[in-house]
Amino acid sequence: MSSFYANEELKEIGFKTYGKNVLISRKSSIYSPEEISLGNNVRIDDFCILSGKINIGDYIHIAAYSALYGGVKGIVLEDFSNISSKVCIYAISDDYSGETMTNPMVSNDFKKIIGGKVVIKRHVIIGSGCVVLPNIILEEGSAFGALSLINKNSQKWSINAGIPSKKIKDRSENLLNLEQKFLERDDDNG
């Protein structure tokens, strides 16, 4: 038996949509699959959690132990974005101010849920152990070093790191040329 779900099993899970060459570990946890769309060439590794509204593009890898909490606000991963291991992405969170209660076992009458859509654009790479907070747009080509706290929008083609993350320098856009060559080769082989 393969460590990834077979195509027939993916259909049974009940995803909103899913494309070709989708590899999802049998050791992952999927909540509300009817809210999750998967593109082509997607790999989700062991012990990942996907919950809520999530839209995953093409050529996406989500490494082991990562968690995407989309809630009703949603998370979007555009083509060629990459999530390293142990990354947590939150489109929703409890209010930690102390003005309301927290945790899923408390009625919503006693707590305040905060959040906003998280958009991770093309060719974004998020290093191991990063945390992405709600209502964030990570612009095309931005990269984030391991263990960064991402609490604000990024600039295009930037390299960022830290707690909170900040821009360190520009990132090369050369991979756009490589993407074009890759897609041409992939079309020839497809």
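## Salt bridges across the chain

A search of the whole structure, a predicted model, finds six salt bridges. A salt bridge here is a side-chain nitrogen of Lys or Arg within 4 Å of a carboxyl oxygen of Asp or Glu. Residues are numbered from 1 along each chain as its sequence is written. Because the model is predicted, local features need pLDDT of at least 70, side-chain atom pairs count only at pLDDT 80 or more, and totals for chains, interfaces and linings use all residues; side-chain values use heavy atoms, with hydrogens and water left out.

One of the bridges joins Arg-26 to Glu-9, with the closest N and O atoms 2.9 Å apart. The pair links distant parts of the chain. Arg-26 sits in the loop between β2 (22–24) and β3 (29–31), Glu-9 in helix α1 (residues 7–13), and the two are 17 residues apart. Helices (H or I, at least four residues) and strands (E, at least two) are DSSP runs, numbered from the N terminus. Arg-26 is partly exposed at 26% relative accessible area. Glu-9 is partly exposed as well, with a value of 26%. Buried means under 20% relative accessible area, exposed over 50%, and partly exposed in between (1.4 Å probe, protein chains only).

## Bridges from the β13–β14 loop

Glu-139 and Lys-121 meet through their side chains in a salt bridge of 3.4 Å, N to O. Lys-121 lies in the loop between β13 (118–120) and β14 (125–126), and Glu-139 in the loop between β16 (137–138) and β17 (143–144), so the pair ties together parts that are 18 residues apart in sequence. Lys-121 is partly exposed, at 25% relative accessibility.

Arg-122 pairs with Glu-179 in a salt bridge of 2.1 Å, N to O. Arg-122 is in the loop between β13 and β14, while Glu-179 is in helix α2, so this contact ties together parts 57 residues apart in sequence. Glu-179 is buried, at 12%. Arg-122 is partly exposed, at 22%. Asp-79 joins Arg-122 and Glu-179 in a network of salt bridges.

## Negative patch on the surface

Glu-184, Asp-186, Asp-187 and Asp-188 gather in a patch of negative charge on the surface. Patch residues have over 30% relative accessible area and no salt bridge, and like charges are joined within 9 Å. Glu-184 belongs to helix α2 (residues 175–189). Its relative accessible area is 43%, so Glu-184 counts as partly exposed.

## Parallel partners of β8

Strand β8 (residues 67–77) pairs with strand β6 (residues 49–56) in the parallel sense over seven bridges. Two strands pair if DSSP finds at least two bridges between them. Ile-54 has Ile-75 in β8 as its bridge partner.

β8 also runs parallel to strand β10 (residues 88–90), joined by three bridges. There, Ala-67 is partnered by Cys-88 in β10. Three bridges likewise pair β8 with β13 in the parallel sense. Leu-77 has Ile-120 in β13 as its bridge partner.

## The β19–β20 hairpin

Strand β19 (residues 158–161) and β20 pair in the antiparallel sense over four bridges. Ile-159 stands opposite Lys-169 in β20. The two strands form a hairpin with four residues between them. Gly-162 in the turn has a positive phi of about 115°.

How many of the five residues of strand β20 are buried? The number is zero, so strand β20 (residues 166–170) lies largely in the open.

Technical notes
Patch = residues over 30% accessible without salt bridge, like charges linked within 9 Å, V, L, I, M, F, W, Y side chains within 5 Å. Areas by Shrake-Rupley, 256 points an atom, 1.4 Å probe, with all protein chains shown as cover. Lys, Arg positive; Asp, Glu negative; His and termini not counted. Charge placed at Lys NZ, Arg CZ, Asp CG, Glu CD.
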